[in-house]
Amino acid sequence: MTASPGVAAAPGPGEDVCIVAPPTPYDPAGGQPLAAARDVPADARCPVCGMYPARSRAWAAQVIFADGDAYFFDSPLSLLLYLDDVARYTRGRSADSIVARYVSDTDSGEWIDAAQAAYVHGSTALGPMRAGNLPAFASMAAATQFSLRRGGQPLVFREITGALLQMLAPGRGAGHRHPAV
């Protein structure tokens, strides 16, 4: 993009643009416990990629911090990348203060504990970024049934390695750690 003399050019494609996703604060008037899964607000943005998770609710994920703030993600992959380096995506935050992690069950859409979920890597299912995004399931049996229909390998949370994250999202997630569950 060319700017007029004396006028700075607006950022063009390929230039760095920082998207800061603000947290969704806890509302005690809502009647839910602080660590309970929440509906995805329409205006929530994924702190990893900037997408709007409400637009792909079937893939959505979330974390809740001890202060009640919640962050929403467009996919389990984005959640796992976030857990790998919380401070990178939300300055001043650490994995130690996360009190809950949820992913959407692919079969029912219900929120399930991310650490208890089973995932499928390498299936034909395309997530919101049009790439495999580790669809999540409430049980290993459900993940296995899905993989029989759509291909891929069922995995439990602890089997999702840094190498797998690096393959799914080159340049991110190189040192995957599993925060205390």
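The stops below go from the whole chain to the sheet, a helix and the cores.

This is a predicted model, in which local features need pLDDT of at least 70, side-chain atom pairs count only at pLDDT 80 or more, and totals for chains, interfaces and linings use all residues. Residues are numbered from 1 along each chain as its sequence is written, and side-chain values use heavy atoms, with hydrogens and water left out.

**The whole chain**

Begin with a cartoon view, which shows four helices and seven strands. Helices (H or I, at least four residues) and strands (E, at least two) are DSSP runs, numbered from the N terminus. Along the sequence their pattern is β-β-α-α-β-β-β-β-α-β-α. Of the 181 residues, 44% are buried; buried means under 20% relative accessible area, exposed over 50% and partly exposed in between, with a 1.4 Å probe and protein chains only.

Next, select the open sheet of four strands, whose order is 2-1-3-4 with antiparallel pairing. Two strands pair if DSSP finds at least two bridges between them. Strand 2 (70–73) and strand 4 (111–113) each have a single partner strand, so one side of each is left without a neighbour in the sheet. Now select residues 98–104: this is strand 3, joined to strand 4 by three bridges. At Ser104, the bridge partner in strand 4 is Trp111.

**Helix 3**

Move on to residues 140–150, which form helix 3. Which of its residues are buried? They are Ala142, Ala143, Phe146 and Ser147. These cover an arc of only 135° around the axis, which puts them on the same side of helix 3; the arc is that of the directions from the helix axis to the C-beta atoms. On the other side, Ala141, Leu148 and Arg149 are exposed. To see what covers the buried residues, display strand 5 (118–121), strand 6 (136–137) and strand 7 (153–156), which are included in that cover. Just after the helix, Gly151 has a positive phi of about 80°.

**The nonpolar cores**

A nonpolar core is a set of buried Ala, Val, Leu, Ile, Met, Phe, Trp, Tyr and Cys residues joined through side-chain atoms within 4.5 Å. In the largest one, of 30 residues, select Val63, Phe73, Tyr82, Val103 and Tyr119, which touch the most other members. Helix 1 (76–84) is one of the elements giving two or more residues to this core, and its six residues are the largest share. Finally, select Ala37, Val40, Ala44 and Trp111, which are among the 10 residues of a second, separate core.

Technical notes. Contact = heavy atoms within 4.5 Å.
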